[in-house]
Amino acid sequence: MRDLRARFRAAYGASGWHLLLLVGCFAVAAWVALRLAGEATAGRMLLWFVGAVVAHDLVLFPMYAAADWALRTAVRERRARPASGPSLLNHLRVPALAAALLFLVYLPGILRQGRETYLAATGQDQQPFLARWLLASGALFLASGIRYAFRRWRARRG
Amino acid sequence: MSADRTPSDGDRPGRPDATPDRPGYGYPRRGWAALADHPPPGLRGVGERWRSPLRGPWLTSVFGLVLLVGLPLVFLTGLLDYLAYGPQFGQAFPRDVGWLRLPQFDWPTRPSWLFRVTQGLHVALGITLVPVVLGKLWSVIPKLFDWPPARSLAQVLERLSLLLLVGGILFEIATGLLNIQYAYLFGFDFYTAHYFGAWVFVAALVVHVALRLSRLRTALRSRPARAELAVPRAGTRPEPPDPDGLVASHPDPATVSRRGALALVGGLSLLLAGLTVGQSLDGSWRRTALLLPRGRQPGTGPTGFPVNRTAAAAGVGAADTGPDWRLTLRAEGRQASLDRAALLAMPQHTARLPIACVEGWSTLQTWTGVRLRDLAALVGADRPGSAHVRSLEKAGLFAQATLQANQVLDPDSLLALTVNGADLTPDHGYPARVIVPALPGVHCTKWVTEIEFRGRPHA
């Protein structure tokens, strides 16, 4: 019995529990897939499910990684990792990341998507959101800039 | 497109060629070895190009722990929201969920803020966790480009389950964010997709936690949090090499400390939370939801609070709600018809109750009108089993709603005629609307035209 178990592990690559758990997980997913297969929009759901992974792993991640690389190249080494005092790189990274995240999360309002359903639900338009996002982003950069200047001044004085 | 992050956990085949670090190949060994020797162009040596010294089991486990606590809460509050819609009356969406049917019970009317909290928590916590999800994905993304992608059937299956895990959470985030901002870009039914997507995600999450929990525990113990949070940027070194290969083999010096990275993700979460909770608050706090639909009051004065469907969108015009409007009450063959003046002549009751919408906003207002149980008594239904409310609205999922017995009989359950001392406006449901404690806003039917009190099914 023990030998059989060891041979199973060697062939499969993990214990029987591992297989059982995964089969359970796929059973739920397959059941949901079969249930939704009859829906006219099933293809779209699948597309969005897989598309979400592709969009994150092969679009969003390369984009922000490239942006960070460009920023690091632009900010010279001495400023990115100063021996003492604040890092200019990080004081640019943080507001940039925050502004990008706000854009991503609140994108429908900022880009005025779904105007009709929005109007039907709220009785309003999406006019103010782009300006608000720009202002919020500007405020984040400004706050970070002021903090950087203050920390530099303090580091020099100390 | 597998989105693997973490290959098989501690399950090493007992092969002599299995190194202590990496699991050995499963069956057929030659096949897996050949796959390992033939990486696609561009992927050879990609493992050496990851430079961040922060990636490693400890950081991944911190994000994992936060999600392990937070995501089940989002899931459970989501299920509660579904139950609040009253699946026993076929008015929770999706209607037919087969084996994924939840245990049914009468949704309580107390505390009156119950639904306000469950849906507010679901939406606000879901949004707050977005940076943590993104941080966790960043911390494990080298695994996606790992070659070979698997060394055994076990790893193939685990990677496929990670596709469900990552696809599931991103799908739920994307559909949820679009829904609360009324942008139905996806072109499928939101309720169906969000409900079933959640179950696919949770199934994959259960597997992931079962397989990885021991590693999370080990990783967190490897670097005591208090000591780690005291390390500044200059002292930040990579974690020791790990069997999962999360730690970069050729790391650059750190540009940010681990505590800095955690503070960044935590700060971004707080920023999102701060820009979201305003949707569930009243007064000037509401305006703090700068970028969300319900951060804006549609008007001023006693009726200036948000609605979730305008009269124009519902197709309810002045002709329908003028002096000819009548409320019809029915119960087992008995019938009564009342105009607005007759309703106003009945005993009026005032209650301070929230309107809470599943899209993550709520507001507390003072409603005055006739108690639903008084209306029931008018047609001789002293102990109704349920009440079916119809709106003037012709189409739409929420042109009607069924209320449970406890929702009809609660002393604060009203057919409201005024709010904050002013007549309801057309958008708020003039001439009369239902307001029931802890009931989802969409079931607080507006422009009511008929209420039918039904008997108890077991009586």
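A polar contact is taken here as a pair of N or O atoms within 3.5 Å, where, within protein, one atom must be able to donate a hydrogen and the other to accept it. In the structure described here, which is a predicted model, a contact of this kind is found at B:Arg116, whose side chain reaches the backbone oxygen of B:Ser280 at 3.1 Å. B:Arg116 lies in helix H3 of chain B, a helix that covers residues 114-128. With a relative accessible area of 17%, B:Arg116 falls under the 20% limit and is therefore classed as buried. Apart from residues up to four places away in sequence, B:Arg116 touches B:Ser280, B:Asp282, B:Pro354, B:Ala356, B:Ser362, B:Thr363 and B:Leu364.

Chain B as a whole contains 13 helices and ten strands, and its C-alpha trace spans about 85 × 45 × 35 Å along the principal axes. Of the 459 residues in chain B, 59% are buried. When contacts in chain B between residues at least 6 apart in sequence are considered, 72% of them join residues at least 24 apart.

The strand E1 of chain B, formed by residues 327-331, is largely enclosed by the rest of the structure, because four of its five residues are buried. E1(B) is joined by five bridges to strand E2 of chain B (residues 334-338), and the two strands run antiparallel. Within this pairing, B:Leu329 stands opposite B:Ala336 of E2(B). The two strands form a hairpin with two residues between them, and in the turn B:Glu332 has a positive phi of about 45°. E1(B) also pairs with strand E10 of chain B (residues 448-454), here in the parallel sense and over four bridges. In this second pairing, B:Glu452 of E10(B) is the bridge partner of B:Arg330.

B:Glu450 is buried, with a relative accessible area of 15%, whereas B:Arg330 counts as partly exposed at 30% relative accessibility.

Over all chains, the count comes to 18 salt bridges. One of the pairs in chain B consists of B:Arg309 and B:Glu393, with the closest N and O atoms 2.5 Å apart. B:Arg309 is placed in the loop between H8 and helix H9 (311-314), while B:Glu393 is placed in the loop between strand E5 (386-391) and strand E6 (400-404), so that the pair links parts of the chain 84 residues apart. In this pair B:Arg309 is partly exposed, with a relative accessible area of 28%, and B:Glu393 is buried, with a relative accessible area of 7%. A further salt bridge is made by the side chains of B:Arg340 and B:Asp423, at 3.7 Å from N to O. Here helix H11 (residues 340-345) and strand E8 (residues 422-423) of chain B are brought together by residues that are 83 apart. B:Arg340 counts as buried at 11% relative accessibility, and B:Asp423 is partly exposed, with a relative accessible area of 43%.

The contact between the two chains takes 87 residues from chain B and 69 residues from chain A. The area buried between chain B and chain A is about 6,700 Å², of which 72% is given by carbon and sulfur atoms. B:Thr255, B:Leu291 and B:Arg296 supply 12% of the area that chain B buries against chain A, more than any other three residues. Three salt bridges are counted between chain B and chain A, and B:Arg296 forms a salt bridge with A:Asp125, the closest N and O atoms being 3.6 Å apart. The count of residue pairs in polar contact between chain B and chain A is 18. On the side of chain B that touches chain A, helices H4 (130-140), H5 (153-180), H6 (190-222) and H8 (258-274) each supply at least two residues, and the largest share, 15 residues, comes from H5(B). By class, this side of chain B has 59 nonpolar, 16 polar and twelve charged residues.

In chain A, A:Gly13 is placed in the loop between helix H1 (2-12) and helix H2 (16-37). A:Gly13 counts as buried, at 3% relative accessibility.

Methods. Residues are numbered from 1 along each chain as its sequence is written. Chains are lettered from A and ligands numbered from 1 in the order in which they are written. This is a predicted model: local features need pLDDT of at least 70, side-chain atom pairs count only at pLDDT 80 or more; totals for chains, interfaces and linings use all residues. Side-chain values use heavy atoms; hydrogens and water are left out. Buried means under 20% relative accessible area, exposed over 50%, partly exposed in between (1.4 Å probe, protein chains only). Two strands pair if DSSP finds at least two bridges between them. Contact means heavy atoms within 4.5 Å. Buried area is the accessible area (1.4 Å probe) that two parts lose on being put together, summed over both. A salt bridge is a side-chain nitrogen of Lys or Arg within 4 Å of a carboxyl oxygen of Asp or Glu. Ala, Val, Leu, Ile, Met, Phe, Trp, Tyr, Cys and Pro count as nonpolar, Asp, Glu, Lys and Arg as charged, and the others, Gly among them, as polar.
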